[in-house]
Amino acid sequence: MSTETPKREIDHEEFDPKGTLALILIYFVILSILWVFMYFIEFLGNDLTVIG
Amino acid sequence: MSESLESGAPSFLDQFPAEAKLVRATLWSSFTALILGGLFGIIQTLHRTDILRVMDSSYYYTVLTAHGVLMVVSFTIFFLVGVFTWGVVRSLDRPLVDMRYSWTWYGLMVLGTLMAVVAVLGGFVDTTEMSADVLFTFYAPLQAHPLFYGGLAIFLIGSWLAGADWFRAWYAWKREHPDERIPLQTFMALTTMLMWYIASIGITIAVVVFLLPWSLGLFDEVNALLTRTLFWFWGHPVVYFWLMPAYMLWYTVLPKLAGGRLFSDPLARVVFVLFLLLSTPVGIHHQYVDPGIAEGFKFIAMTNTMFLLLPSLLTAFTVVASMEYGARRRGGTGLFGWLRALPWARPAFTGMALAGLMFAAGGFSGMINAGMNINYLVHNTLWVPGHFHLTVGTAVGLTFMAATYWLWPQLTNKPLFSRPIGLLQVVMWFVGMALMSNAMHVSGLFGVPRRTAEPQYEGFDFTPAFGTMNEFDMQIAVGGTLLFLSLGLFIGNVVLTSLGSKQSGLGDSLPPALSGPSDSPVVLDNLKLWLGIALVLVVLAYSLPLVSIISRGGLFGPGVGTYPVIIDTFSAVVESVATTGIIETLAQFEVGVIVQ
Ligand code: HEM
Ligand SMILES: [Cu+2]
């Protein structure tokens, strides 16, 4: 079973989740781009929806 | 065949046969609701996109109510009680205290569901007055048959008793293990239930004090805004109630499937405590456009909501890091290369990972919904169902289905009928949902309403900035069809598994976290403290809005009539007169509230 026979044993100290960090940063970049895109949808695609 | 076969360990069924039987029963109830809900789902999808209309549009709300209630009340909560029972018993490593008691709560939940569903399905039968076409939000002045509210109440009582069952098991365990930390899965179930008890205050008052007596004719009016607000008092935490069992599976099972173990036990506890504290004082974010609630209260709800992003981001980090750990142990290398080392051939893993990915997408549309100003753009459009089919429909729904591939063999001692079909099923769900949800979001941006049988209007066209309405409708229909087929594969696989023959040694163990509970402060396990703080936050967030709603409209409402949704198919004239009447009164009501 995979857990019982790892190819490589890694302990708590040496594990550095840099791949995770990279993925999460990418997610934040996508979020920011979508957020900016949303501005165009809201203000240019339609009439203003927030008034007064 | 399956990897768990080779582990040779005794399964959950071997260790706790009585509990395994109960969990199987709850999951069967859950799957029954899922398949019926899916049937209504595909009917309404093809109907509203005008691909295939098998019924008169006057039945659309009956179908939509059945879909909503079966999916987000029955499918999700029956699965929850099953997974929590499994998780509590497994992690405490002791049986439940009294199986007769446990079967009682299950029985109550079944009874409640049957009552509510019968009331809803009554809407299809023209010869009966019974109907409950009130959608799963059951806003007054829409009124359901008393059986619907009664069923809902009994279902809720069943769920509370289930929670009490897990608390009893924990107390019994504590006597045997005085100085130990609460095992993680039990901790997750207990904090979730505390959140549920707090949330239930709102729905219980709404249903038992107002809606049920009102539908029995004990009084003529209710304060629509008050019952709505009480609904959302419960309605936001309920989304975390759906999510928490999925989180439990992501934290405790997914890392194992990935070949590793949970990264941090303390972080998982912090996340569940944050959900307990923050889930309830945000419900008003569903009422941004409700007249009669001051902007200031809405602003506070928005601020609280943004804080609520924190535990979900912590989860993203912990869960992905746990997968990375597993992948690197399996020999994965590189900044992204480890992703390839994950066990993508296992449907349980792939399903949960894809569910998590969709949740990340749902996180974005959720942030849009949560923004007070931008919410006006999407409110009550098809964007909103687009959003929650990513969250509850996929992050939760697909996780449950995927987890079943791992859990079911351990509950039955029967190996999964087919892994390739399982894999096809989870991928099909992902693709179908990507299509359907994407097109729903986009149509919503162009103003297509949700909850509408025929969103095709004469003399008016939606004008999308790109694409055509036809394309979006096709995407929704094709996506919905894939989802429905995927459901068929799922249920077929489970049934065929159950028909198979028994084997031994199907158990699979869950390794402890890399950083264990002893590294975390003991105060995290102080459930009374967190419950107290959560209650204080709720009082702070809700007392002023509720006082102001009641002082404006009174407990029993500012003069709104009652509208049972009975459509008289014989007399179109009567119908149109009545409908105009409703619209007029509603308009007066709205104007009245705004003027106030
Ligand atoms: C076969 C898969 C599914 C299909 C084809 C489907 C389709 C749809 C469609 C088209 C709507 C919007 C109808 C309208 O607003 O007019 C809808 C609403 C809804 N769906 Fe689904 N859905 C599916 C699965 C799910 C799942 C798994 C869940 C939750 C676990 C879910 C929960 C809901 C809810 C809560 C609503 C809103 C009902 C309301 O507005 O009152 N659906 N569904
Ligand atoms: Cu909410």
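Buried, in these legends, means under 20% relative accessible area. The model shown in every view is a predicted one.

**View 1. B:Thr497 and B:Asn493 share helix α16 of chain B.** With 2% relative accessibility, B:Thr497 falls under that cut-off and so counts as buried. Setting aside neighbours within four places in sequence, B:Thr497 is in contact with B:Trp408, B:Lys414, B:Pro415, B:Leu416 and B:Phe417. B:Asn493 sits in the helix too, which runs over residues 469-499. Its relative accessibility is 2%, so B:Asn493 counts as buried. Look around B:Asn493, skipping residues up to four places away in sequence, and you'll find it touching B:Tyr405, B:Leu416, B:Phe417, B:Ser418, B:Ile421 and B:Gly422. B:Leu416 and B:Phe417 turn up in both lists of contacts.

**View 2. Three histidines of chain B hold the copper ion (ligand 2).** The coordinating atoms are ND1 of B:His236, NE2 of B:His285 and NE2 of B:His286, at 1.7 to 2.0 Å. Along the chain, these donors follow the spacing H-x48-H-H. B:His236 and B:His285 link distant parts of the chain, as they are 49 residues apart. B:His236 belongs to helix α8 (residues 224-252), while B:His285 comes from the loop between α10 (265-278) and α11 (295-329). Both B:His236 and B:His285 are buried.

**View 3. Helices α7 and α10 of chain B run roughly parallel to each other.** Helix α7 covers residues 184-215, and its axis comes within 9 Å of the axis of α10(B). The two axes cross at roughly 10°, and α7(B) and α10(B) are therefore called roughly parallel. On the α7(B) side, the contact is made by B:Leu184, B:Phe187, B:Met188, B:Thr191, B:Thr192, B:Leu194, B:Met195 and B:Ile198. Facing them from α10(B) are B:Asp265, B:Ala268, B:Arg269, B:Phe272, B:Val273, B:Phe275 and B:Leu276. Sort the residues of this contact by type and you get 11 nonpolar, two polar and two charged.

View 4. In soluble globular proteins, nonpolar side chains tend to be buried together. What does B:Trp86 contact, leaving aside neighbours within four places in sequence? The partners are B:Phe12, B:Val23, B:Gln185, B:Leu249, B:Val253, B:Trp406, B:Leu407 and B:Leu510.

**View 5. The loop between α5 and β1 of chain B holds B:Phe138 and B:Pro141.** Most residues other than glycine have a negative phi, and most peptide bonds are trans. B:Phe138 has a positive phi of about 30° although it is not a glycine. The peptide bond joining B:Ala140 and B:Pro141 is cis, with omega about 5°.

**View 6. B:Asp50 and B:Leu52 sit in the loop between α3 and α4 of chain B.** B:Asp50 isn't a glycine, yet it has a positive phi of about 65°. Its relative accessible area is 43%, so B:Asp50 is partly exposed. B:Leu52 is partly exposed as well, with a relative accessible area of 45%. Not counting residues up to four places away in sequence, B:Leu52 touches B:Leu46 and B:His47. For a sense of scale, B:Leu52 and B:Leu211 are 36 Å apart in space, C-alpha to C-alpha, and 159 residues apart in sequence.

**View 7. B:Asp14 and B:Asn413 are 399 residues apart along the chain.** How far apart are the C-alpha atoms of B:Asp14 and B:Asn413? They're separated by 8.1 Å. B:Asp14 is part of helix α2 (residues 12-15) of chain B. With a relative accessible area of 38%, B:Asp14 is partly exposed.

How values were computed
Residues numbered from 1 in each chain as written. Chains lettered and ligands numbered in written order. Predicted model: local features only at pLDDT ≥ 70, side-chain atom pairs only at ≥ 80, totals over all residues. Heavy atoms only, no water. Donors = N, O, S within 2.8 Å, 3.2 Å for Na, K, Ca; no water. Helix = DSSP H or I, 4+ residues; strand = E, 2+ residues; numbered from the N terminus. Buried < 20%, exposed > 50% of the residue type's maximum accessible area, 1.4 Å probe, protein only. Axes fitted to C-alpha atoms, helices over the stretch in contact; angles between N-to-C directions. Parallel < 35°, antiparallel > 145°, perpendicular 65-115°, else oblique. Contact = heavy atoms within 4.5 Å. Nonpolar A, V, L, I, M, F, W, Y, C, P; charged D, E, K, R; others polar.
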